[in-house]
Amino acid sequence: AQVIAIVGDQFVLAGDLLPQVEMVVEAVLSKMSPEQRSRDEAKIRQQRDILMRKMLDQTIERKMLYVAFLRDIPDSRREEALPMIEQQTEKSFEESMEKIIVKVRQATPKELSTLTSQNPQQARLARLMMANGAVSLGQLDLLLRRYGASLEQEKRFYAERTLGRSVIGQNIDRNREVTHQQMLDYYREHLQDYEIEAKVRWERLSVHFSKTPNKDAAYRLIADMGNEVLRGAPFSAVAKRRSQGLRAAEGGRHDWTPKGSLKSNAIEEALYSLPMNRLSQIIEDERGFHIVRVLARTEAGHLPFREVQTRIKQVFQKKHFDEQLSEYIAKLRDDVSVWTIYDGGPAGMTPPNPTIP
């Protein structure tokens, strides 16, 4: 219940941040042995304090935007409007939680990282639910209470963040012009970001020397497989039935393979010289004989400007947005009074009376 910051007329309590800190710390500690925890106890305390300060800074920014939102509601309408707004944001929270739970459950590590950066609060809650087998918001509430938090508290954070963002939209020009020349210059300066690596999608029939009596027998076997395909048998059927390659069970098919990633130089040379969809001659390497066929191939180069123009425009739009947001936050910091326990004096000192926003 300790007040650790006041933003306008909004209080920030230690209990608003400590549960989030403990969730992060717990995830780290779970990967450490008891000996490591004991040895690094001082370092863990230091990291906990750093995390607390970082989360406080983020909370202050959220509160400032929320204060700016409240200022736009006339005093005469605030008592009537706030319960309706609270009801709407609660519904929005529950609907968006349903969607992000599905996304987090199906996400790859890279997609999960993107989701977390876009929506840190709800991605964190969805991951907490998955880690503990929770399937409902009621079960999530019980999990949060283990850390001293609650679902109601998370809904409040969501409402403050959502309503604060609505203020951002009113104070930022999203339609700043991005010229064609700006985008073209950026493309040329960052050409390495748009490189295309050479890669090939292909299929293979193989006979390994280690699995045949002698080299002649291996050659007759691979030649017979190739002739079978030439007579009209499906390549994949022959591979599944007779090939000795690692992907024989998948019909000998290999997905996109970057140039330089194969151990066999002889096979790789064939893959980048063969005409498309044409059986190769019999290829010999140190492991055996092979016949390959190229299904698709991409040569090394760069994505053309016209294909990445939209992405480059988005880079400029984000840059413009971030610049304007920083300017607006700086203006709010001059306009909204902020006090924290770190602003001089011992931690836990009696805070000043909050000012009216």
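**Strands, sheets and aromatic pairs**

Let me start with strand 1, residues 3–7. Strand 1 pairs with strand 2 in the antiparallel sense, over four bridges.

Three strands form an open sheet, in the order 2-1-9, with antiparallel pairing.

A word on confidence. This is a predicted model. The chain averages a pLDDT of 88, and 96% of the residues score at least 70. Over residues 345–357, the pLDDT is below 50. Beyond near neighbours in sequence, that stretch has 22 contacts in the model.

Next, strand 7. Please find residues 288–298. Is strand 7 largely enclosed or left open? Eight of its 11 residues are buried, so strand 7 is largely enclosed by the rest of the structure. Strand 4 pairs with strand 7 in the antiparallel sense, over 10 bridges. Strand 6, residues 283–284, also runs antiparallel to strand 7, and two bridges join them. A hairpin of three residues connects strand 6 to strand 7.

Stay in strand 7 and pick out Phe289. Val207 stands opposite Phe289. Glu284 has Phe289 as its bridge partner too.

Now the rings. A pair of aromatic rings is described by the distance of the centres and the angle of the planes. How many aromatic pairs does a search of the whole structure find? Seven. One of them is Phe209 with Phe289. Their centres are 5.1 Å apart, with 90° between the planes, and the pair is edge-to-face. This pair links distant parts of the chain, 80 residues apart. Phe209 is in the loop between strand 4, 199–208, and helix 10, 215–230, while Phe289 is in strand 7.

Phe289 is at 4% relative accessibility; the cut-off for buried is under 20%, so Phe289 counts as buried.

Phe289 has another ring partner, Tyr219. Why is that pair called edge-to-face? The centres are 5.3 Å apart and the planes are at 90°. Planes over 60 degrees apart count as edge-to-face, so this pair does too. Tyr219 is in helix 10 and Phe289 in strand 7, 70 residues apart, and again the pair links distant parts of the chain. Tyr219 counts as partly exposed, at 42% relative accessibility.

Elsewhere, there is a cluster to see. Tyr187, Tyr194 and Phe305 form one aromatic cluster.

Last, charges over rings. The charged end of Lys199 sits over the ring of Trp256, 5.1 Å from its centre. Lys259 does likewise with Tyr272: its charged end sits over the ring, 4.9 Å from the centre.

To close, back to Phe289. Phe289 counts as buried. Its ring pairs edge-to-face with Phe209, and edge-to-face with Tyr219. That is my tour.

Terms used: Residues are numbered from 1 along each chain as its sequence is written. This is a predicted model: local features need pLDDT of at least 70, side-chain atom pairs count only at pLDDT 80 or more; totals for chains, interfaces and linings use all residues. Side-chain values use heavy atoms; hydrogens and water are left out. Rings of Phe, Tyr and Trp (its six-membered ring) pair if their centres lie within 6.5 Å; planes under 30 degrees apart count as stacked, over 60 as edge-to-face and the rest as tilted. Buried means under 20% relative accessible area, exposed over 50%, partly exposed in between (1.4 Å probe, protein chains only). A charge sits over a ring if NZ of Lys or CZ of Arg is within 6 Å of the ring centre and within 35 degrees of the ring normal. Two strands pair if DSSP finds at least two bridges between them. pLDDT is the predictor's confidence in each residue, from 0 to 100. Contact means heavy atoms within 4.5 Å.
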